[in-house]
Amino acid sequence: MNEDTGAEYLTPWQLSECVDGGGVGVVESSRCPTCAEGDVVTSFNWPWQTHAVMAGSGLQKVDSQLVDGHLSYFLGAVGITGLTALLGIREKGYVTKGANQTMVISGAAGACGSIAGQIGRLDGCVRVVGICGSEDKCKALVEDLGFSAAINYRQEDVAARLKESCPAGIDVYFDNVGGAISDTVIAQMNNGGHVILCGQISQYNKDVPYPPPLSEETQENLQSKNITRERFMVLNYMSKVDAALFELSQWVKSAQIKVLETVVNGIENMGAAFCSMMKGGNIGKQIIKISA
Ligand SMILES: NC(=O)C1=CN([C@@H]2O[C@H](COP(=O)(O)OP(=O)(O)OC[C@H]3O[C@@H](n4cnc5c(N)ncnc54)[C@H](OP(=O)(O)O)[C@@H]3O)[C@@H](O)[C@H]2O)C=CC1
Ligand SMILES: CCCCCC(=O)/C=C/[C@H]1[C@H](O)CC(=O)[C@@H]1CCCCCCC(=O)O
């Protein structure tokens, strides 16, 4: 929403132009050789409209069998969110089966975080601990998604609860939020650990570059313990997308990954749903359903 997004892959929304974001839908009629009526298509630049005329070149055709007809999964678990979780862990997490690793995830009950924790477990971490913003979210992580433990950062002492729930320290940290939560996690990481620098949502309203600068203490912690913390951006791994989507699809279909969504009906509720998501009103992927 800023005049300059600071990221070359995202252009700012313009006043008086239609807002856009990730979307999925069905082609109603087509004059484009690559899209036919009935095709299911997705785009990162889907206009917030009930109907739109879109250029075929900006649409990706998808196979609805990959999600057993549950089209919204193409925006979440079997889409950019699932890819972010899977490729983030595989490219930057260095998870190794049999290595007895503990993974911590911040923003753990959100779209990326809820999938990342489940993949951490499937890839071989022996403990997976989530940090999130409500008791309901903590309950969902442990009881529905199989996390080892969950910490409510709004009500609990995060440092003390991490000590309790990660008795062997932290080896891998999937960071969605940055700020004080991440400083606390990094302080308890083991030598040779890995931070997956996925996002820093707690800092997005500040006028700072990405990634936001770290405190001296946290920088010193990373250096002295030889912890890697490399920037991860899903768009840099497009050659791996097809295989990754197939893997995510298989996990979702076989219920090895459970998908959480918060669904709001009606285009008139899109703005409110977006703001709610930024404040933690969602569990899993925030979806707005425009029509069946
Ligand atoms: N690197 C990449 O390629 C990509 C990175 N991302 C990043 O992944 C992260 C998660 O995105 P996404 O899954 O879409 O969104 P989520 O579904 O996780 O929704 C955002 C969540 O962030 C949490 N949150 C908001 N403000 C704060 C805060 N100040 N401190 C701690 N938590 C906060 C809220 O949960 P709670 O109730 O727990 O506070 C909220 O539900 C973001 O940082 C995003 O930028 C996303 C896509 C690609
Ligand atoms: C033009 C297509 C963009 C598709 C990639 C994507 O999904 C980006 C999503 C951003 C969303 O619009 C808001 C965010 O928080 C997402 C990504 C932010 C990534 C954090 C920074 C990563 C980096 O630049 O290193």
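**A conversation about the model**

A: An oxygen atom of ligand 2 is 2.4 Å from an N or O atom in the side chain of Arg231. Please keep in mind that this is a predicted model.

Q: How much of the accessible area of ligand 2 does the protein cover?

A: On its own, ligand 2 has 620 Å² of accessible area, and the protein covers 70% of that.

Q: How far is an oxygen atom of ligand 2 from an N or O atom in the side chain of Tyr9?

A: The distance from the ligand 2 oxygen to the Tyr9 side-chain atom is 2.9 Å.

Q: Which residues surround ligand 2?

A: The surroundings of ligand 2 consist of Tyr9, Leu10, Phe44, Ile80, Cys198, Tyr204, Tyr210, Arg231, Phe232, Met233 and Leu235.

Q: And how does that shell divide by class?

A: The shell around ligand 2 contains 10 nonpolar residues and 1 charged residue, with no polar ones.

Q: Let us turn to ligand 1. How many residues surround it, and which are the closest?

A: Ligand 1 is surrounded by 26 residues, and the closest are Lys137, Tyr153, Tyr204, Val234 and Asn282. By class, the shell around ligand 1 has 14 nonpolar, 10 polar and 2 charged residues.

Q: Which helices each supply at least two residues of that shell?

A: Helices α2 and α8, the latter spanning 270-278, each contribute at least two residues to the shell around ligand 1.

Q: Where do polar atoms of Asn282 and Arg154 come in?

A: In Asn282, a polar side-chain atom is 2.6 Å from an oxygen atom of ligand 1. In Arg154, a polar side-chain atom lies 3.3 Å from an oxygen atom of ligand 1. There is also a backbone case: a polar backbone atom of Phe232 is 2.8 Å from a nitrogen atom of ligand 1.

Q: What share of the accessible area of ligand 1 does the protein cover?

A: The protein covers 83% of the 910 Å² that ligand 1 has on its own.

Q: New topic: salt bridges. How many are there?

A: The count comes to 9 salt bridges. One of them is between Arg90 and Asp123, with the closest N and O atoms 2.8 Å apart.

Q: Where in the chain are those two residues?

A: Arg90 is in helix α1 (residues 80-92) and Asp123 is in helix α2 (residues 111-123). The two residues are 33 residues apart, and the pair links distant parts of the chain.

Q: Buried or exposed, what is Asp123?

A: Asp123 counts as buried because its relative accessibility is 11%, and the cut-off for buried is under 20%. Arg90, in contrast, is partly exposed, at a relative accessible area of 37%.

Q: Which other residue does Arg90 meet in a salt bridge?

A: The side chain of Arg90 also meets that of Glu247, at 3.0 Å from N to O. Glu247 lies in helix α7 (residues 241-253), 157 residues from Arg90, and this pair too links distant parts of the chain. Glu247 is partly exposed, with a relative accessible area of 27%.

Q: What about Lys139 and Glu143, how far apart are they in the helix?

A: Lys139 and Glu143 are 4 residues apart in helix α3 (residues 135-144), so about one helical turn separates them. Their side chains meet in a salt bridge at 3.6 Å, N to O. Lys139 is partly exposed, with a relative accessible area of 49%, while Glu143 counts as exposed at 56% relative accessibility.

Q: Which residues are joined into one network?

A: Arg90, Asp123 and Glu247 are joined into one network by salt bridges that share partners.

Q: Next, Gln286. Where is it placed?

A: Gln286 is in strand β11 (residues 285-289). Its relative accessible area is 14%, so Gln286 is buried.

Q: What does the side chain of Gln286 reach?

A: The Gln286 side chain reaches the backbone oxygen of Thr262, at 3.2 Å. Apart from neighbours within four places in sequence, Gln286 is in contact with Thr262, Val264, Ala273 and Met277.

Q: Finally, where is Glu220?

A: Glu220 is in helix α6 (residues 216-224) and counts as partly exposed, at 47% relative accessibility.

Note on methods. Residues numbered from 1 in each chain as written. Chains lettered and ligands numbered in written order. Predicted model: local features only at pLDDT ≥ 70, side-chain atom pairs only at ≥ 80, totals over all residues. Heavy atoms only, no water. Near = heavy atom within 4 Å. Polar contact = N/O pair within 3.5 Å; in protein donor to acceptor, adjacent residues only side chain to side chain. Areas by Shrake-Rupley, 256 points an atom, 1.4 Å probe, with all protein chains shown as cover. Nonpolar A, V, L, I, M, F, W, Y, C, P; charged D, E, K, R; others polar. Buried < 20%, exposed > 50% of the residue type's maximum accessible area, 1.4 Å probe, protein only. Contact = heavy atoms within 4.5 Å. Salt bridge = Lys/Arg side-chain N within 4 Å of Asp/Glu carboxyl O.
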